[in-house]
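Subject: Structure for you to look at

Hello,

Here is the structure I said I would pass on. Please open it alongside this note; my findings follow below.

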Number of protein chains: 2
Amino acid sequence: MTGHLEKNDFPVSQVRRYLEPGPIVLVSSKWAGRTNIMTLGWHTILEFSPSLVGCMISGSNHSHPMIRNSGECVINLPTTALIDAVVGIGNTSGAEIDKFAKFDLTADKASDVEAPLIRECHASFECRLHDDILVEKYNFFIFEVVKAHVAAIPAYPKTLHYTGDGVFMVSGKVINRRSQFRPEML
Amino acid sequence: MTGHLEKNDFPVSQVRRYLEPGPIVLVSSKWAGRTNIMTLGWHTILEFSPSLVGCMISGSNHSHPMIRNSGECVINLPTTALIDAVVGIGNTSGAEIDKFAKFDLTADKASDVEAPLIRECHASFECRLHDDILVEKYNFFIFEVVKAHVAAIPAYPKTLHYTGDGVFMVSGKVINRRSQFRPEML
């Protein structure tokens with residue numbers, strides 16, 4: 001287990017640092033007194049400021065109406081230590097079980113939304129629904145990240161990236177090419 | 001260099017295999033007799049069938065009007081062997097240079113679109129603009145992948161995942177958890 005990671009506030013305009021590499025995330029929600037968690041691999045950064053993230057959340061998912069009705073969620077970043085929880089959460093339904101209890105995860109209180117933070121994750125991004133224009137047609141939610149919490153170490157957490165068919169890629173080495181960038185591109 | 005990779009046809013409904021892990025891609029386009037290439041990290045799968053991919057392509061990018069006007073592009077998957085081209089393409093403008101020539105890349109003829117395939121990439125996905133409803137407001141293009149070409153080997157190419165600030169993460173080891181999945185989730 002990752003233990004109880006101490007988190008620091010993190011600038012919401014910089015969450016691309018963690019989401020642009022394309023990790024599987026755990027999306028937590030709360031509605032009508034109940035919480036839920038789902039796995040999600042279909043997301044993209046859309047803007048730095050406001051800090052916008054687009055997520056395709058299938059209508060068949062128990063979390064879909066919870067997030068739509070509450071207009072909120074938390075996008076949490078699990079590491080390889082949580083792979084059993086990630087797989088388990090993706091293969092069960094919140095209609096049948098309490099995912100926090102079943103997968104031994106801790107629901108911490110968020111600061112700006114009612115949906116809970118998942119303490120065991122490396123980072124948690126509190127989100128409010130910013131635009132639902134594509135929800136009906138594509139199940140595509142545009143969220144604004146309103147508060148970000150990130151563990152100080154490690155600088156580059158080992159994240160999980162889903163390829164389909166039950167196979168995950170784990171994030172590998174880091175290459176710094178900063179010296180080849182034009183300053184305005186950084 | 002990666003050399004001239006032999007590509008096979010690949011099912012368009014399965015391109016999540018390569019895009020869901022979140023790699024940097026090279027988007028090639030053609031309009032009014034000129035080609036261009038841009039780097040892109042802000043993309044997400046939206047649907048298996050039709051095979052939909054959403055891409056945030058900033059309006060300040062030279063490729064934006066080319067793709068909007070032609071209604072086409074090709075999403076190409078570079079590997080670590082192409083990191084200098086990836087960085088170079090992201091730090092120059094097609095308004096000033098011919099990126100194929102400058103970065104020693106080969107424009108191959110696509111089968112269903114006018115935009116060129118980049119031969120040196122591991123995979124190329126021919127795309128047609130499917131829905132432009134969010135282009136004005138968010139620079140978000142929804143494409144349908146109409147034809148996919150993928151190199152047979154390696155099964156898991158070393159892809160580049162951008163974290164901002166000039167730093168890339170390289171795809172690492174693969175973990176197979178297929179046995180823990182419910183059949184309908186595979």
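Strand S2 (residues 25-31) of chain B has 6 of its 7 residues buried, so S2(B) is largely enclosed by the rest of the structure. A residue is called buried if 20 or more other C-beta atoms lie within 10 Å of its own, exposed if 12 or fewer, and partly exposed in between, with C-beta atoms placed from the backbone. Strands (E, at least two residues) and helices (H or I, at least four) are DSSP runs numbered from the N terminus.

Before the rest, some housekeeping. The model is predicted: local features need pLDDT of at least 70, side-chain atom pairs count only at pLDDT 80 or more, and totals for chains, interfaces and linings use all residues. Residues are numbered from 1 along each chain as its sequence is written, and chains are lettered from A and ligands numbered from 1 in the order in which they are written.

Surroundings of S2(B)

S2(B) runs antiparallel to strand S3 (residues 34-40) of chain B, with 7 bridges between them; strands count as paired if DSSP finds at least two bridges. B:Val25 has B:Leu40 in S3(B) as its bridge partner. The hairpin of these two strands has 2 residues between them, and B:Ala32 there takes a positive phi near 55°. S2(B) is also joined to strand S6 (residues 72-77) of chain B, antiparallel, by 3 bridges; here B:Val27 is partnered with B:Ile75.

In helix H3(B), the residues B:Ala85, B:Val86, B:Val87, B:Ile89 and B:Gly90 are buried. The buried residues of H3(B) pack against S2, S3, helix H4 (99-102) and S11 of chain B.

The nonpolar core

The largest nonpolar core has 106 residues, and those touching the most other members are A:Val53, A:Val74, A:Phe143, B:Val53, B:Val74 and B:Phe143. Such a core is a set of buried Ala, Val, Leu, Ile, Met, Phe, Trp, Tyr and Cys residues joined through C-beta atoms within 7 Å. Neighbours within four places in sequence aside, the contacts of B:Val53 include B:Leu19, B:Ile45, B:Cys127 and B:Phe143; contact means C-beta atoms, placed from the backbone, within 7 Å.

The two chains

Chain B superposes on chain A by a rotation of 180° with 0.0 Å of shift along its axis (RMSD 0.0 Å), fitted by least squares on the C-alpha atoms of residues with pLDDT of at least 70 in both. The two copies are thus related as by a two-fold rotation axis. Both use the same surface: 100% of the contact residues of chain B recur in chain A.

Each side of the contact is made of 45 residues, from chain B and from chain A. On the side of chain B that touches chain A, S12(B) gives the largest share, 10 residues.

Strand S12 (residues 167-176) of chain A pairs with S12(B) in the antiparallel sense over 7 bridges, and A:Val174 has B:Met169 as its bridge partner. The open, antiparallel sheet has 4 strands, ordered S11(A)-S12(A)-S12(B)-S11(B). Its edges are S11 (160-162) of chain A and S11 of chain B, each pairing on one side only.

Regards

How values were computed
Contact = placed C-beta atoms within 7 Å.
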